[in-house]
Amino acid sequence: MEEKKQCKGCGGALPFVIGFVAALIAGWVLFPDLIYSKKIQPVRFSHKIHAEQGLDCASCHTFRDDGSFAGIPTNEKCAECHADVVGSDPAEKVYVEQYAKTGKEVPWLIYQYQPDNVIFSHKAHESLECTSCHPDMAKNDTPPVYYQNRLSGYSKQTMKMWKCERCHAENGVSNACHVCHK
Amino acid sequence: MSGHAVKEFKVTWGMVIDLDKCTGCGACMTACQVENNIAPMADASNKMRTLSWMLVFELSNKKAAPDAEIAYLPRPCMQCGNPACVPVCPVVATDKNEEGGIVSQIYPRCIGCRYCMAACPYHARYFNWEDPIFPKGMEKALSPNTSARPRGVVEKCNFCHTRFMKAKDKARQEGGNPEALADGAYMPACAEVCPTGAITFGDLKNPEHKVHELAKGENAFRLLEKLGLHPQVYYVSKREWVRKLGDNYAATGHAGAEKKHS
Amino acid sequence: MGLDRRGFVKFVVGGVAGTLFTPVIWKGLDDAAIWSQNWGWIPRVPKGEVKATPALSKLCPSGCAVKVKTVGGLPFAAIGNADNPMSKGGVCPICAGGAQLLYSPARVKSPMKKVGEGKFEAIKWEDAEAMLVEKLTSFKGQDGKIAAISGDETGTANEVVSALLSGLGNASGFCVMPGEMYTATKGVKLMGGNGQPGFDIAGADLVLMIGADALDSWGPSVANQKAFAASHPTGAAATAQFIYAGPVLNNTSSVCDKFLAVPPTATAAFSLALANALINAGAVCSASDFGDYKALAAKYTPEAFEKATGLKAEALKDLVARIKAAKAPLVIAGASFGQGAGALDFVAGASLNVLLGRVGQSGGMTLLPAAPKALAAATDRAEAKDAGSFLAQVATGKASPAVLLVYEANPAFALPQADAMAKALGNIAFKVSFSTYMDETATLADLILPAPHPYERFDDAMNPYGVAKPTYLAGKPAMAKPVMDVKDPVDVLLAAGSKLGLSLGFETYADVIKAKAQAVGADFDTLASGGAWTGEGKGGGLSLGAAALAKAPVAKADDKAVALAPVTKLACGTADLATPPANLLTIRDTELKGKDLFVQMNAATAKKLGVTDGNKVKLTGGSGEVRARVHVNEGVAADTVAMLLGFGHSAWDQYTKGKGDNVYKILTVSDEAGTGLKVWAGSTVTVAKI
C-alpha cells in the first residue's frame with residue numbers, strides 16, 4: 001500500500017514538468033543553435049583595418065552610374081590596392097594568392113541575401129546610415145560567423161518582410177506589394 | 001460594377017498602342033518573354049497552356065476577299081483603374097496600391113485559385129501549369145528583372161515593373177526626381193523593342209509625356225470600355241471597324257470579332 | 001526508481017506542451033514556408049552589373065544592329081541601338097531572342113565527325129582541322145572537286161571562302177543560297193545597268209510593294225519599319241502611303257493603306273498592266289526602249305489584268321490615281337517569300353521606277369556601286385553559282401565534287417525540292433558543315449565544325465539587300481568567351497589555307513574585317529562600337545528592260561493546280577534558323593497546331609478544291625508532297641494557297657523537330673525564258689483531301 005502510494009507520489013506531475021522543462025531548454029537553447037549551420041567567410045576580411053586607412057563604406061561599396069548598388073566589391077575593385085601583397089596580414093596573402101592572381105571571384109557569404117522575388121534599392125535608402133540596417137562593420141576585425149538556416153537556406157541576419165514593413169509604416173512610406181517585390 | 005471606385009494616383013503609367021502601325025511581327029512578345037523569364041514550351045501551339053503576358057491578337061473585318069482586312073492588337077495587362085481581378089483575390093496576392101497605378105501580382109503569395117483569371121475580361125492573366133524548366137544552360141540567360149514562378153501560381157504583365165524601380169534609381173543617381181520621371185526614362189520591354197514604335201508608353205497624367213495627348217486623340221479608345229474598368233492601356237486606329245471591335249462585348253448578342261489566339 | 005509507462009506518457013505530454021512554448025514549431029513552419037519558395041528546380045535569376053554592349057546580330061538575313069544586355073557578363077536580352085541608322089532602336093523578333101539562342105539545345109557543342117548513319121562522335125579541334133586539311137590537300141588543283149555553299153548574304157567571309165576555292169583551283173565551285181540580291185542584280189543587268197538595286201523607302205511618299213514583304217521579311221526590315229513608322233506618326237496624318245500587292249494579306253499588308261491580292265503567278269502581269277495604265281494616263285520616259293516597252297505593255301489591258309489577277313479593273317484605276325498624285329512614288333518588286341522570283345518579275349516591277357523617272361532620285365530606286373574587296377582573289381557575289389542549280393547538277397552527275405564546304409547554310413532543308421536536294425548531298429563523299437546549330441545539313445555532314453553565335457564572333461555586313469545607300473556594319477564579340485567549344489569558320493579556313501601553302505594574307509576573320517573596313521573607308525572601331533558606315537547611292541541610265549520583258553512567260557492556266565504562295569514570317573525563323581525558343585509563342589494556332597501546319601486559302605478557293613476548314617489535305621508539287629490542315633483565310637489571293645515556310649524540320653531541337661511540314665519540298669523549279677535563271681516563285685501545286 002505504502003509502496004504503491006509512494007510510487008504514485010513520485011510520479012505525480014514530475015515527469016510532465018521534466019518533459020516540459022526539457023522541451024523549453026531544447027526549444028530555447030539547443031534549437032536556435034541547431035537550426036543554423038555555421039560558416040566562416042573564405043577570407044578573413046577585416047573591415048577595421050580598412051576603416052583605419054581612412055576608407056568609408058562608400059569607398060568600396062559603391063553605386064554604379066545607373067543607380068544600382070554594386071554590393072560587395074569584385075576583384076576588379078579589390079585589386080586596385082591588392083594586386084600584390086601590400087601588408088603583413090596573412091589573410092591578405094590568402095586573398096592575393098588564391099583570388100586576385102587567379103582571377104577567381106571570392107565566394108563571399110552575403111549576410112543580407114534576399115530571394116529573387118525581392119527588389120531592394122540601396123539608392124532609395126541612401127539617406128539612412130548604413131548602420132541603421134547593417135551591423136557597424138567599421139570596428140569589426142574578423143567577419144562574423146555566417147549562420148545559415150538549415151531549412152530555409154537563408155542567413156540568420158537576413159532582414160525579413162516584417163522589418164521592412166514596420167520601418168516603412170513608421171516612416172509613412174508605401175507598403176504596396178510592388179515596392180519590394182518583383 | 002464591382003462597387004469599387006477607380007483608384008487615382010499622381011502618376012498613372014499607361015500605354016497608347018497604334019494599331020495602324022502594328023505589323024504583328026511578334027518582337028514585343030519575344031522581348032516580353034525574355035524580360036520576364038518565361039520558359040519555352042515544347043508545344044507552344046497549345047494556347048491553353050502558354051504564358052503570354054503580351055499577346056498579339058489578329059483582328060479581321062470579316063469581309064470576303066478582296067475586301068478582307070486584318071489588324072493586329074497587342075494585349076498587355078490593362079492595369080485597370082478599377083481592376084476586376086483585385087477584389088476577388090482571397091489572399092491579397094494582387095493589388096493596385098502603388099504610385100504609378102500598376103496592378104501588382106506577388107507570386108509567393110498567390111495560392112493559384114484563379115479567381116482573378118475568371119474575373120479578368122481581357123484574359124491577361126495566366127496560370128503556371130508547369131514549372132519553369134529551361135533547356136540545360138538557358139537558365140544562364142535569365143533576366144535579372146523578374147523572379148521565376150513555380151507551378152501553381154498566376155502571373156501577368158506588370159509593365160516590366162522592375163524597370164520602373166531601376167528608372168527611379170537612375171533618376172536618384174542623376175539627381176532627378178524619381179516621382180516625376182522624364183518621358184522615356186521608364187519603358188517596358190515591348191515598347192522599347194517595337195520596330196515600328198506602335199507602342200507609346202508614359203505617364204497618362206503628365207502633360208510632358210506623349211501618351212497624355214495621344215490617349216485623348218479622336219481615334220483613341222479602350223477595350224470593353226463599357227465595363228467600367230478604366231484600363232490604362234489605350235488603342236488608336238483610324239480604321240472604324242477596328243475601333244468598333246474594341247467594345248464588342250455581347251451588346252448585340254454576338255461578338256463582332258473572332259479573335260484568334262496567337 | 002524506474003520510469004513506468006504512465007510516467008513516460010506524462011514526460012512526453014510535458015515535452016509536447018513545453019514545445020508549444022518554444023519557437024520550434026513556429027520558426028520551423030516559417031522556415032519551411034520560405035524553403036518551399038526556393039525549390040531547387042526553380043531557376044535562380046542572375047545578379048550582377050547590367051551592361052549593354054553593341055553587337056551585330058546576324059540572326060536575321062539583313063542583320064540587326066543591337067545592344068546586347070548582359071548581367072555579370074552573360075547576355076540575357078537584346079535591345080535596339082538607337083544610334084545606328086539601320087536599327088534606330090528597333091529590333092526584329094528573331095534578334096530580340098538572340099541571347100536565348102546561345103543556349104539552344106540545337107547548338108553544336110564541339111567538333112564532330114560522322115561515325116555511322118546519323119551518328120557522330122565529338123573530336124578535338126586539332127583532329128577536326130587536320131581532317132579538313134587532309135581532304136582539301138587530296139583534291140587541291142583538281143577543278144570541280146571542291147565546292148562551297150554559303151548562306152551568308154552580306155559577310156566578307158564569302159570573300160575568304162571563294163578566294164580559298166580559287167587558290168585550290170576550284171574558283172567556279174563557289175555557290176550561294178537563293179536570295180533576292182542575286183536575281184535583282186541580274187535584273188539590273190537586263191535593264192542595262194550595273195550594281196545592286198537599293199530602295200529609298202524613307203524618302204518616298206508612296207511605296208508600292210509588289211510581292212516584297214518589306215515590313216517583315218524583305219530587305220533591312222527594321223530600317224524599313226522605322227521608315228514606315230516615321231511616315232505614320234501616331235495621332236497625326238500619314239505623310240506617305242504604303243500599298244502592298246501580293247498573294248497574301250501578310251504582316252506588311254496588315255498596316256498598308258491598300259492591299260491588292262495578286263496571285264504569285266501574276267506578278268509580272270500586274271506590273272505590266274500597271275505600266276500600261278500609267279502610260280495611258282500620260283506617263284512617258286526618255287529611255288531608249290520606251291517605244292518597245294509601250295507596245296509590250298499595251299498587251300496588258302485592264303481585261304487582261306482582271307483575268308490574270310482576279311482583281312477588278314477599278315483597283316488598277318485607283319492605284320494609278322494614287323501614283324499620279326504622289327510626288328515621290330517608289331516601286332519595290334520581289335518574291336513574297338524573299339526568293340525564287342525571276343529576274344523578269346524584278347524587271348517588270350523595277351521598270352515602273354524607270355517609267356516614273358524615279359531612278360537615282362531621293363525616295364526612289366538607287367544602284368549601289370560594287371563594294372571594294374578585302375581579298376582580291378574573291379569571286380564577285382553576282383558571279384557565284386546558285387546552290388540549287390549546283391545540287392541539281394550533282395544529282396544528275398553533271399557535277400561531281402568530292403568535298404563540299406557548307407558555310408552558314410542549310411541546303412538540305414531550304415532549297416526547292418528539299419528532299420531531292422538532301423539526296424543529292426549524299427552524292428558528295430565528304431561534306432563539312434560550318435554551323436552553329438545541328439541543322440538538317442549538319443546531320444548529313446561528315447565533319448561538323450561548330451561556328452560561333454553572333455554574340456561570340458567578329459562578323460560584318462556589306463550592303464544588306466534593299467538598302468538605299470552603300471552600308472557597312474561590323475561587330476565584335478559581346479561576351480568574354482563562347483558558350484560552346486567553337487571556332488570561327490573563317491579562322492579555320494584561313495589556317496587550313498596556310499597549311500595548304502595558300503596564304504590569303506590574313507590570319508583571322510577580325511583582320512579580314514579590319515581590312516575590309518579600311519578598303520571601304522570606314523573605321524572598324526566605330527563600327528564595332530555600334531556605328532554604321534554609309535556611302536552614296538547613285539542613279540544610272542537604266543532601260544525599261546523591254547527586250548527581256550518580251551520573253552516574260554504568260555502564266556498558263558491549269559484547272560487542277562493552284563498557285564502556291566509560301567509565306568515567310570521572320571518570327572518563325574529563316575532559311576538558316578528554325579524557330580528560336582523565344583519566338584515559339586508568336587506562332588498562331590491557325591498557323592501551326594500540334595504537329596499540323598495549316599494551308600491557308602480563301603473560301604472560294606476552298607470551295608473549288610472541295611475542302612473545308614480543318615480538313616487534312618496533301619499538297620503535291622514536283623516530286624514532293626506535304627501534309628497540312630485547311631484554314632480558310634480571306635486574305636489569300638484567288639486560286640492561291642498560302643503556307644508558312646520554315647517548318648517540318650527533321651533536325652534541330654524539341655521545339656521544332658517534326659512540327660509541321662517543309663513547304664520547300666513542293667516548290668518546283670523552272671527555267672526562266674531569256675535569263676537562264678531558276679525560278680520557283682510561281683510554283684503550282686495540287687491539293688487533295690486525305
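What radius of gyration does chain A have, and what value would a compact globule of 182 residues have? In this predicted model, chain A has a radius of gyration of 24 Å, whereas a compact globule of 182 residues would have one near 16 Å. The C-alpha trace of chain A spans about 85 × 45 × 30 Å along its principal axes. Buried residues account for 13% of the 182 residues in this chain.

The secondary structure of chain A comprises eight helices and two strands. Read along the sequence, these elements of chain A follow the order α-α-β-α-α-α-α-β-α-α. Of the contacts in chain A between residues at least 6 apart in sequence, 70% join residues that are at least 24 apart.

Chain A also takes part in an interface with chain C, to which chain A contributes 24 residues and chain C contributes 27 residues. Classified by residue type, the side of chain C that touches chain A consists of twelve nonpolar, nine polar and six charged residues.

Chain C is likewise in contact with chain B, through 67 residues of chain C and 64 residues of chain B. Several elements of chain C each provide at least two residues to the side that touches chain B, namely the strands β3 (74–80) and β22 (592–593) together with the helices α3 (93–96), α4 (98–101), α8 (221–231) and α9 (251–254). Among the contributors to this side of chain C, β3(C) gives the most, with six residues. The side of chain C that touches chain B has 41 nonpolar, 19 polar and seven charged residues.

The largest nonpolar core of the model contains 335 residues. Within this core, the residues with the most contacts are C28(B), V91(C) and V160(C). The surroundings of V91(C) involve residues of both chain B and chain C. Leaving aside neighbours within four places in sequence, V91(C) is in contact with A27(B), V193(B) and P195(B) from chain B. From chain C, the contacts of V91(C) beyond those sequence neighbours are C64(C), V66(C), A78(C), I79(C), G80(C), A96(C) and V222(C). Three of these partners, A78(C), I79(C) and G80(C), fall in β3 (74–80) of chain C, the element that gives the most to the side of chain C touching chain B.

Key:
Residues are numbered from 1 along each chain as its sequence is written. Chains are lettered from A and ligands numbered from 1 in the order in which they are written. This is a predicted model: local features need pLDDT of at least 70, side-chain atom pairs count only at pLDDT 80 or more; totals for chains, interfaces and linings use all residues. Two residues are in contact if their C-beta atoms, placed from the backbone, lie within 7 Å. Helices (H or I, at least four residues) and strands (E, at least two) are DSSP runs, numbered from the N terminus. Ala, Val, Leu, Ile, Met, Phe, Trp, Tyr, Cys and Pro count as nonpolar, Asp, Glu, Lys and Arg as charged, and the others, Gly among them, as polar. The radius of gyration is taken over C-alpha atoms; the globule rule is 2.2 Å times the number of residues to the power 0.38. A residue is buried if 20 or more other C-beta atoms lie within 10 Å of its own, exposed if 12 or fewer, and partly exposed in between; C-beta atoms are placed from the backbone. A nonpolar core is a set of buried Ala, Val, Leu, Ile, Met, Phe, Trp, Tyr and Cys residues joined through C-beta atoms within 7 Å.
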